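Student: Before we look at the model, could you take me through how its sheets, helices and pockets get their labels?

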Amino acid sequence: MSRSVLYASSPLLASRTPVWRSKLVVAALALAFCGLAARAGYIQVVANDFYQRQGEVRFARTLELPANRGRILDRNGLILASSVPAPSIWAIPEDVDMGPEQRKKLAKLLDMTPAELGKKLADEDKTFVWIKRQVDADVAKQVAEMNLKGIYQRKDYKRQYPEGEAAAHVVGFTNVEDNGQEGIELLYNKSLVGKPGMRRVIKNRLGHAVEDVGEVIAPVDGTDIALSIDSKIQFFAYQKLREAVLANKAQAGSVVVLDATTGEVLALTNYPSYQPNKRNNLSGAQLRNRALTDTFEPGSVMKPFTVGLALEKGHYKPSTMIETAPGSITISGATIRDSHPHGALSVEQVIQVSSNVGTAKIAMQMSARDMWETFSQAGFGHKPQVEFPGVVSGRLRPYGKWRPIEQATASYGYGLSASLFQMARSYTVFSHDGQIIPATLLKTTQPAVGVNVFSAQTAAEIRKMLQMAAGPGGTAPKAQTVGYSVGGKSGTAYKQVGKGYGTDGNRKYRSWFVGMAPIDAPRIIVGVMLDEPSAGKFYGGEVAAPVFSETVQQTLRMLNVQPDVAVRPQIVASVVDESF
């Protein structure tokens, strides 16, 4: 028989609870609920922005969707620079969880020491840190296979430069952020870079995107840039330049190839150069685009302009005789000399044998103003009309400050300065029937619009003289090319050593050749410069002209220009008489 419980018999239960106590309990509960409601209201209404930010810091991420940088192409559509996928590795340091062996393996994959990896993961920003930018695809794959907590990858790109050091000074390079630093990459960075997109996402505790927040903004890829450069001509010119610099033990060298009809730059190369894909330990000498940035006294390259002005003014004819004996002339107490006496020379022969005395005598029959205006119209003293970082203007002093001796020396290229690019462009005056035309690094189909400097007749007469200078009895017969007629002017100038040009024992030279081919209807202009050749030969006709010859022959063949010379020209000893 079960026993019944008599609750009324319990003294505790039988006692009556005071009313105030029950009211107090109810009031306390009500007050607690009111506090919770107030707190909830504060969090969700008053302090909503703060807690929203804190939540976003922990779980929301803005992912940048990188745009594909535009390509740089040569005139035939061959790639000079392009972007390839190269994932970047990043981490949330506070979420990283890996053992010593995993840490060691990851560091090895990313080509760093465990200590370097540990330092990155100890970064003060615990929500994001780059571990390694732009790794190879196979490395990224191996990292992903490790499945490490807190280690992530972002789609990224890096630049590749198929032409390497041959086109480095033209194309340039970008930094790790894909912004141009040199060359075309820098000049047209805004067009090439495009516009990155954006994606706002919520991530779970494992770092996986689980929800998009807002609209996804798609990236806009950069614009391709088509250059006037012909990569095959560029590579060949670089190879021949490199061989010449090494063979002549020169410090450096440059080659410029222009289309004589359009002004397009077909090749622009320098040595020493660098590999854009591997830029460790680069020196300033490697980075300098010498063809555009280095200026020097142009020497004998200026003589055709002096003679052209004299022909244009009617002071002389190509056949006019000039007495250059005894091989020297004194002006204002200073003596100008030829390397050896020539006696009486025609104006044509003055250019052919590069007589300083003959050129100076011609110059002194004209006004300094006329000479200065001609040089200025030919582009000297002005920046070339080509957009490129670091382009220089050279130096052409006002004619009002010229003394008679300075007018005489300016006639054969001393007392002014220019870059190789300026000299090559200036010779469009002779190739384009007396008009100087603008040069461009961009591919164009439009005919060049020039500015008159000389008449077409004067330009034709100067071309004949240039052909004589590059032929038998001239200063640069080594410029002759199999199958094509050529014309040009060699130059050799002392480099300044301190305030002077040094003495016979320590003089340094720059040597160059600028010319065109075929001579009757020029298709290309080629300029070659070697800085400080020191293997025993230093005249432009000896060290620069052979590079011109090989470059002209290969370039005209690539351009499908029909040969205009039936037989190989006979190479004879040059008349060594260049401006000093």
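Tutor: Start with a pair of strands: β3 (residues 79-85) and β7 are antiparallel partners joined by 4 bridges. The model is predicted, so local features need pLDDT of at least 70 and side-chain atom pairs pLDDT 80 or more, while totals for chains, interfaces and linings use all residues. Residues are numbered from 1 along each chain as its sequence is written, and side-chain values use heavy atoms, without hydrogens and water.

Student: What makes β3 and β7 a pair?

Tutor: Strands are DSSP runs of E with at least two residues, and helices are runs of H or I with at least four, numbered from the N terminus. Two strands pair if DSSP finds at least two bridges between them. β3 and β7 have 4 bridges, so they pair by that definition. Within the sheet, Ser 83 stands opposite Arg 159 in β7.

Student: Why are β7 and β10 called edge strands?

Tutor: The open sheet has 4 strands in the order β7-β3-β2-β10, and its pairing is mixed. β7 and β10 (225-226) each have a single partner strand, so one side of each lacks a neighbour in the sheet.

Student: Which strands make up the open sheet of 3 strands, and in what order?

Tutor: The order is β5-β4-β6, with antiparallel pairing. β5 (129-132) and β6 (151-154) are the edges, each with a single partner strand, so one side of each has no neighbour in the sheet. β4 (residues 88-91) pairs with β6 over 4 bridges, and Ser 88 stands opposite Arg 154 in β6.

Student: How do you know which residues of α13 and α16 meet?

Tutor: Contact means heavy atoms within 4.5 Å. Phe 305, Thr 306, Leu 309 and Lys 313 in α13 meet Asp 370, Met 371, Thr 374 and Phe 375 in α16. These residues divide into 4 nonpolar, 2 polar and 2 charged.

Student: What makes the site with a volume of about 590 Å³ a pocket?

Tutor: On a 1 Å grid over the protein atoms alone, a pocket is an open set of points with protein on both sides within 12 Å along at least five of seven lines, whereas a cavity is a set where a 1.4 Å probe fits but cannot get out; lining residues have an atom within 4 Å of a point. The largest pocket has that volume of about 590 Å³, counted as the space filled by probe spheres set on the points, which are joined across faces, edges and corners. Of its 23 lining residues, the closest to the centre are Arg 133, Gln 134, Lys 158, Asn 277 and Arg 279. Strand β7 (residues 157-160) gives the largest share of the lining, 4 residues.

Key. Ala, Val, Leu, Ile, Met, Phe, Trp, Tyr, Cys and Pro count as nonpolar, Asp, Glu, Lys and Arg as charged, and the others, Gly among them, as polar.
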